[in-house]
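The following questions and answers go through one protein structure. Please keep the coordinates open while reading.

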Amino acid sequence: MDMSSAEVKRAAAVDSRAQTPYSPPSSAELNGSEILVRCLQAESVKYLWGYPGGAVLYIYDALYKQQTIQHVLVRHEQAAIHAADGYARATGEVGVALVTSGPGVTNAITGIATAYMDSIPMVIITGQVPTPAIGLDAFQECDTVGITRPIVKHNFLVKDVRDLAVTLKKAFHIARTGRPGPVVVDIPKDVSLNTAAFHYPERVEMRSYNPVRKGHSGQIRKAVQLLLQAKRPYIYTGGGVILGEASAELRELVNLLGYPCTNTLMGLGSIPASDPKFLGMLGMHGTYEANMTMQNCDVLLAVGARFDDRVIGNPKHFGSVERKIIHVDIDPSSISKRVRVDIPIVGDVKDVLQELIHQLKEAQAKPDSNAINAWWSQINEWRRRECLAYKHSDEVIKPQMVVETLWNLTKDRDTYITSDVGQHQMWAAQFYRFEEPRRWINSGGLGTMGVGLPYAMGIKLAKPESDVFCITGEGSIQMCIQELSTCFQYKTPVKIVSLNNRYLGMVRQWQQLDYEGRYSHSYMDALPDFVKLAEAYGHVGLLVEKPSDVEPALREAMRLKDRTVFLDVRTDPTENVWPMVKAGKGISEMLLGSEDL
Ligand SMILES: Cc1cc2nc3c(=O)[nH]c(=O)nc-3n(C[C@H](O)[C@H](O)[C@H](O)COP(=O)(O)OP(=O)(O)OC[C@H]3O[C@@H](n4cnc5c(N)ncnc54)[C@H](O)[C@@H]3O)c2cc1C
Ligand SMILES: Cc1ncc(C[n+]2csc(CCOP(=O)(O)OP(=O)(O)O)c2C)c(N)n1
Ligand SMILES: [Mg+2]
């Protein structure tokens, strides 16, 4: 953002001589740490995930003296960010985390980048060495503003306690408005101790930051005309629909037009999986029908989706056919970034869809029903390929079957599913049929192994009455497994379903398909006994080795409502994720199974 660079540069050019001399507190004044707590209270923050250290001890002292914000002590700063991020994804609120300077910040980096890539609203408070020590290689000093600059929506270094409240107001405002994203507020130790009068502004004005909400009506009118003239239309939607709380509008639009609709990995649940107009996820591991429809449509309405490389495959192949593209996105920089767009509409998805629906209802013209029926016949033919069918087995546990069984057992309950990254993530996306938004929580853009357990932990605090399952792999779960300890301390009973194929399966799959079966370092020997490990952390561990034991084990995990349960499910190590668009291939050039190799 333009605004950020100028402000941040000014802030980063710290000159300790320019600091206002410290003056003793007057009775009406609060110290920086108390101000921070008051600001968080003003923002109705209920939970804060963090880890203490020297630079934030005044802040921890202020937290000790209050009752409204629950601090959760994680076991690694990466997990603090992931947990707050998971909370934000499930609730739509801003997730808040607190870490100390130096190693606290560097441990948090993966979490911040993960949230940034998926546009998740967060405020991350980082401790910093005292202002006079900045730039002197002080103990536990790192240039937080510099290190985080490319992976935040914005960041601030607060040099004067009198700026703290307004800075936090700005941070929350920036995090949750426009295209959401993580904002870092770096607070030097002396700022957390110095005092000032507390005033939390009701609103903030930032000259160079004014995200557009309403779409241009002229552009929307053009979009309506194009949609009504379409012979082979397609509605392609993404994470923006969920971030913009526009699921109801999307459903209305799809019903109004009767056009086929798909979701990206990040958009799952914005339209019910059971809706016959939903073709499933598209992209690298999307369904045959979703991808064929994408390649062959003549009018594409893209809503809150960013034409990711996992979605369009080879851009030359994607661009080789004639189709008109309408793109609705709140971030103008997302538009025509990866593909050329015919009708750009910058605005908030909810506002734009409402206007689009309104104009469609007013329009005299109607869709060409013959053409649309013919298009549906073609799509139904693609559907008959049943691309997600897999070979069932009584001998070995098929990972797809585990996810299907979980879906069957939980579909009528209020259930949240988190996942890690790998084959298990794709099977979860393909076989768990999400009906509602914000129920599918995973890392899409950065693809961060290790998110699943902290995400589940963060969600369970927000949704104590809901079932929270983490579908993971034996590789990913080990990246933040220490958080089993946090789950025990804070009594956040989550259910971990580890699809243990004894491989870094997604890597193994690529090595099988693209590296002639040279399985270089994708097999993990000497895995821990996960059942004993779960027990050592105070939880329940269950080993599941036979297909017939899958359902009873899942039922048992659900029966143990107040316990964290770790299911070590030994799945078929050779199973691959199908369909698959290999690197460099077009979106319609999918492999549907090993017989296509
Ligand atoms: C192993 C692996 C495999 C994957 N395979 C696939 C796959 O097969 N298919 C797939 O789809 N993805 C896949 N992904 C995920 C992929 O990498 C991307 O994360 C994903 O495709 C991006 O989804 P999106 O386009 O919905 O964008 P998001 O990252 O969700 O971006 C949302 C867009 O909406 C905009 N927006 C935000 N808020 C609003 C608002 N209020 N109004 C309007 N616009 C808004 C943003 O500006 C942004 O452009 C995979 C990831 C991994 C790790
Ligand atoms: C932090 C991180 N390191 C490396 C990768 C690359 N990577 C993607 S999937 C994968 C394997 C995951 O293994 P596992 O968790 O066992 O899941 P599986 O694919 O076997 O289901 C790896 C190493 C990543 N996504 N994230
Ligand atoms: Mg594995």
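Helices (H or I, at least four residues) and strands (E, at least two) are DSSP runs, numbered from the N terminus. This is a predicted model, in which local features need pLDDT of at least 70 and side-chain atom pairs count only at pLDDT 80 or more, while totals for chains, interfaces and linings use all residues. Residues are numbered from 1 along each chain as its sequence is written, and side-chain values use heavy atoms, with hydrogens and water left out.

Q: In which helix is the place of Y116?
A: Y116 is partly exposed, with a relative accessible area of 33%; buried means under 20%, exposed over 50% and partly exposed in between (1.4 Å probe, protein chains only). The place of Y116 is in residues 103-117, helix α5.

Q: What is the order of the six strands in the open sheet?
A: Two strands pair if DSSP finds at least two bridges between them. The edges are taken by β3 (70-73) and β6 (154-157), each with a single partner strand, so one side of each lacks a neighbour in the sheet. The pairing is parallel, and the order is β3-β2-β4-β5-β7-β6.

Q: Which residue in β7 is the bridge partner of N155?
A: β6 and β7 (residues 182-188) run parallel and are joined by four bridges. In β7, the partner of N155 is V184.

Q: What angle does the direction of helix α4 make with that of β4?
A: Axes are lines fitted to C-alpha atoms, for helices over the stretch in contact, and angles run from 0 to 180 degrees between N-to-C directions. Contact means heavy atoms within 4.5 Å. Helix α4 (residues 77-91) packs on the sheet and touches β2 (47-50), β4 (95-99) and β5 (122-128); its direction makes with that of β4 an angle of about 170°.

Q: Which residues point one way from β4, and which the other way?
A: In a regular strand the side chains alternate between the two faces of the sheet. Five of the five residues of β4 are buried. G95, A97 and V99 point one way, and the other way point V96 and L98.

Q: Which residue in β5 is the bridge partner of V96?
A: β4 runs parallel to β5, and five bridges join them. In β5, V96 has as its partner V123.

Q: What is the N to O distance between the side chains of R89 and D85?
A: Side chains of opposite charge can pair when their charged atoms come close. A salt bridge is a side-chain nitrogen of Lys or Arg within 4 Å of a carboxyl oxygen of Asp or Glu. R89 and D85 both lie in helix α4, four residues apart, and both are buried. Their side chains meet in a salt bridge, N to O, at 2.6 Å.

Q: How many residues apart are E575 and K398?
A: The side chains of E575 and K398 meet in a salt bridge (2.7 Å, N to O). The pair links distant parts of the chain, with E575 in the segment after β20 (565-570), K398 in the loop between α16 (369-383) and α17 (399-410), and a separation of 177 residues.

Q: Is R559 buried or exposed?
A: E556 forms a salt bridge with R559, the closest N and O atoms being 3.0 Å apart. Both are in helix α23 (residues 547-559), three residues apart, and therefore about one helical turn separates them. E556 is partly exposed at 26% relative accessibility. R559, at 58% relative accessibility, counts as exposed.

Terms used. Chains lettered and ligands numbered in written order.
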